[in-house]
Amino acid sequence: MYAQGAFRIADGAEAAALVRASPFAILCLNGPDGPISAQAPLVGEVGPDGALVALTGHIARANPFWRGVGPEGAPALVLFRGEDAYVSPSAYPSKAAHGRVVPTWNYLAVEVRGQLTVETDPERMDPYLRQPTEMMEAGRARPWSVDDAPADYLAAMARGVIGIRIVVASVEAMAKLSQNRDAADHAGVIADFETREDPAARRLAALMRQERTTA
């Protein structure tokens, strides 16, 4: 992923926070017949510095994605996308001054590369089921637990999935939030986003306010 300097997130803990906020990922491998992808929520495991060290989740056993992965694993590319919104040139006050503006897009993205391995034994599937569930249920008034399901039903579900784990080799993250614009244009984009019905645009506006305040 090309992460231009002004937008690149260098802090590993900040990149991990973006993954936690948008855990639904696209996983990519080079399969025997060419590139192949799958989609799944992934739990990020972090090290002492808060940076990502591994990702864990599961996919359907019927999904052919995992079948080309040998015992030693396979190199994988994992993509996480956060909020995104179109930026109109009309949002910039500089449009009226000189007109040298073009459309663009603001967005949050994380790209992870690492070695992907799979777990096929249903008897060893518990962490691959439990961890994503605990992540997504956290904060709910009455969180659902894997233990709430009948044991025989859960065993049947475990037979229908494959565990996925990626040991992280590198992370590239970016937050394109109009950091390259002057204060007036930056504020114009925020104001435009705040008028949108799109919840993603309004969330980006809040992040842009925070980014400009803490920069």
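Buried here means under 20% relative accessible area, with exposed over 50% and partly exposed in between (1.4 Å probe, protein chains only). The model is predicted, so local features need pLDDT of at least 70 and side-chain atom pairs count only at pLDDT 80 or more, while totals for chains, interfaces and linings use all residues. Residues are numbered from 1 along each chain as its sequence is written, and side-chain values use heavy atoms, leaving out hydrogens and water.

**Exercise 1.** Work out what share of the protein is buried.

*Solution.* Start with the chain: it has 215 residues. Then apply the cut-off, and buried residues come to 40% of them.

**Exercise 2.** Find the residues that touch the most other members of the largest nonpolar core, then trace what Leu-55 touches.

*Solution.* Step one: a nonpolar core is a set of buried Ala, Val, Leu, Ile, Met, Phe, Trp, Tyr and Cys residues joined through side-chain atoms within 4.5 Å. Step two: the largest one holds 44 residues, and Leu-55, Phe-80 and Phe-193 touch the most other members. Step three: leaving aside residues up to four places away in sequence, Leu-55 has contacts (heavy atoms within 4.5 Å) with residues including Val-19, Phe-80, Val-112 and Ile-164. Apart from this core lies another, of 5 residues, among them Met-125 and Tyr-128.
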